[in-house]
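Hi there,

Here is the structure I promised to pass on. Have a look at it first, and then read on for what I found in it.

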Amino acid sequence: MATVLLLEEDDTVADFVRNTLISEGHSVRTCVNLGDLVDRLADGADLVISDAGLEFPPQQVLADVSAACPGTPTLLTTTFLEPLEERFLLEMGANAVLHKPFDLPSFLALVDILTTGKARRPTTARHRPLSGTGGVPSH
């Protein structure tokens, strides 16, 4: 399946996302910082998933991904972006912005869309967390 680069500062969220994607057959490489992400992009990737709330602006992630591996889809995850900021990041090149906590089926459908162009699973309207334990933890 897809090779995914993951940049997430919260270890719990990173472990959850990584394990979920691996269980779906994807190869996941966790990056420790933006420099590590850029270095790993040299080997190619089918998707970059990055937390938008890191110590550097998310626009830097988008610019670095675009420069290092043009055309690689980028999914930003967030707990805090306002709609205007989200729109700005989409205009800057993000392929999608997903708010945490998000539900697993919507997350996996979005990964499918960004890596293959089609969804294998049904999606929900607003990426709301499922009741119970189905949603990804937020930090």
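Let me start with a question: which residue is the bridge partner of Leu 6 in β2? It is Thr 30. The chain goes from β1 through α1 to β2, and this β-α-β crossover is right-handed. Please keep in mind throughout that this is a predicted model.

The pairing around that bridge goes further. Strand β1, residues 3-7, and strand β2, residues 27-31, run parallel and are joined over five bridges. Another of the pairs links Leu 5 with Arg 29 in β2.

Zooming out, β1 and β2 belong to an open sheet of five strands, in the order β2-β1-β3-β4-β5 and with parallel pairing. Its edge strands are β2 and β5, each of which pairs on one side only. From one strand to the next, the twist averages 20 degrees.

Now for the helices on this sheet. Helix α3, made of residues 58-68, packs on the sheet and touches β3 and β4, and its direction makes about 165 degrees with that of β4. Helix α2, residues 34-41, lies across β1, β2 and β3, running at about 145 degrees to β2.

Is Ala 14 buried or exposed? Ala 14 counts as buried because its relative accessibility is 4%, and the cut-off for buried is under 20%. Leaving aside neighbours within four places in sequence, Ala 14 is in contact with Leu 6 and Glu 8, and Leu 6 is the residue whose bridge partner in β2 is Thr 30. Ala 14 and Thr 30 themselves are 16 residues apart in sequence, with 7.7 Å between their C-alpha atoms.

The other is Thr 74, in strand β4. Thr 74 is buried too, with a relative accessible area of 2%. Not counting residues up to four places away in sequence, Thr 74 touches Leu 47, Val 48, Leu 62, Val 65, Ala 94, Asn 95 and Ala 96.

Finally, please look at the stretch that runs from β5 into α5. Pro 101 is in the loop between β5 (96-99) and α5 (104-116), and a cis peptide bond joins Lys 100 to Pro 101, with omega about -5 degrees. Most peptide bonds, by contrast, are trans. At the start of α5, a side-chain oxygen of Asp 103 comes to within 2.9 Å of the backbone nitrogen of Ser 106.

Helix α5 itself has 13 residues and spans 18 Å from its first C-alpha to its last, close to the 18 Å expected at 1.5 Å a residue. Its buried residues include Phe 107, Leu 110, Val 111 and Leu 114. What do the buried residues of α5 pack against? They pack against α1, β3, β4 and β5. After the helix comes Gly 117, with a positive phi near 90 degrees.

Do write back once you have been through it.

Best wishes

Note on methods
Residues are numbered from 1 along each chain as its sequence is written. This is a predicted model: local features need pLDDT of at least 70, side-chain atom pairs count only at pLDDT 80 or more; totals for chains, interfaces and linings use all residues. Side-chain values use heavy atoms; hydrogens and water are left out. Buried means under 20% relative accessible area, exposed over 50%, partly exposed in between (1.4 Å probe, protein chains only). Contact means heavy atoms within 4.5 Å. Two strands pair if DSSP finds at least two bridges between them. Helices (H or I, at least four residues) and strands (E, at least two) are DSSP runs, numbered from the N terminus. A crossover is right-handed if, with the strands pointing away from the viewer, the path from the first strand over the helix to the second runs clockwise. Axes are lines fitted to C-alpha atoms, for helices over the stretch in contact, and angles run from 0 to 180 degrees between N-to-C directions. The expected span of a helix is 1.5 Å times one less than its number of residues. A polar contact is a pair of N or O atoms within 3.5 Å; within protein, one must be able to donate a hydrogen and the other to accept it, and residues adjacent in sequence count only if both atoms are side-chain atoms.
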